[in-house]
Amino acid sequence: MSVTRSPIRVLTPDGTQEWTLDRAETDEVEVLALLAPDGREWTATGEHLFHALEALRLQVEPDGIRLCCNGARRDVYPSRMALQMAGGEVAYLLQRGRRPSVPAGFVSVLDPADCADVVTVAEQRAWHEDWLRTVTGWRWPLYALLSLFRR
């Protein structure tokens, strides 16, 4: 198990601060530990990095704390493929016999983001639900029409 320690900006009721985030990867789960300068610590696990980050955010948000990273932005609620890409894009693609290729605009879930852009988990989920309603609202009539021509 490898542990990576990195600084992370955190938005607290007292303002923006620099805290420490430990990330440990095992074969089965991702473990994240958020360490505050005053000694408080929160730990969360998940099947993928995004799941672990979401679990950690759910623990700290009731205390008025928001993590300033890409995974906490409103428009980042990845699909199943994006979850796998965030947790280990090369391993996921190699297991399925595909050549790993990372898009040019691909950013890590833990990369820093502007603290003004971060939202709560509830706001992020609401945005994702609205997005899904929009996508499925347009997709099904189009697929129904195309299926007529496939026969």
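1. Arg-23 is buried, with a relative accessible area of 19% (buried is under 20%, exposed over 50%, partly exposed in between, using a 1.4 Å probe and protein chains only). Arg-23 meets the side chain of Glu-25 in a salt bridge, 3.8 Å from N to O (the term means a side-chain nitrogen of Lys or Arg within 4 Å of a carboxyl oxygen of Asp or Glu). Glu-25 is partly exposed at 34%. A network of salt bridges links Arg-23, Glu-25 and Glu-30.

2. Before you go on: this is a predicted model, where local features need pLDDT of at least 70 and side-chain atom pairs count only at pLDDT 80 or more, while totals for chains, interfaces and linings use all residues. Residues are numbered from 1 along each chain as its sequence is written, and side-chain values use heavy atoms, leaving out hydrogens and water.

3. Now the strands (DSSP runs of E, at least two residues, numbered from the N terminus; two of them pair if DSSP finds at least two bridges between them). Strand 1 (residues 2–12) runs antiparallel to strand 2 (residues 15–25), joined by eleven bridges. They make a hairpin with two residues between them, and Pro-7 has Thr-20 as its bridge partner.

4. Strand 1 also pairs with strand 5 (residues 66–67), antiparallel again, over two bridges. Here Val-10 sits opposite Leu-67.

5. Back to salt bridges: there are six in the structure. One of them joins Asp-22 to Arg-5, with the closest N and O atoms 2.7 Å apart. That pair ties strand 2 to strand 1, 17 residues apart in the chain. Asp-22 is buried at 13%, but Arg-5 is exposed at 57%.

Note on methods
Helices (H or I, at least four residues) and strands (E, at least two) are DSSP runs, numbered from the N terminus.
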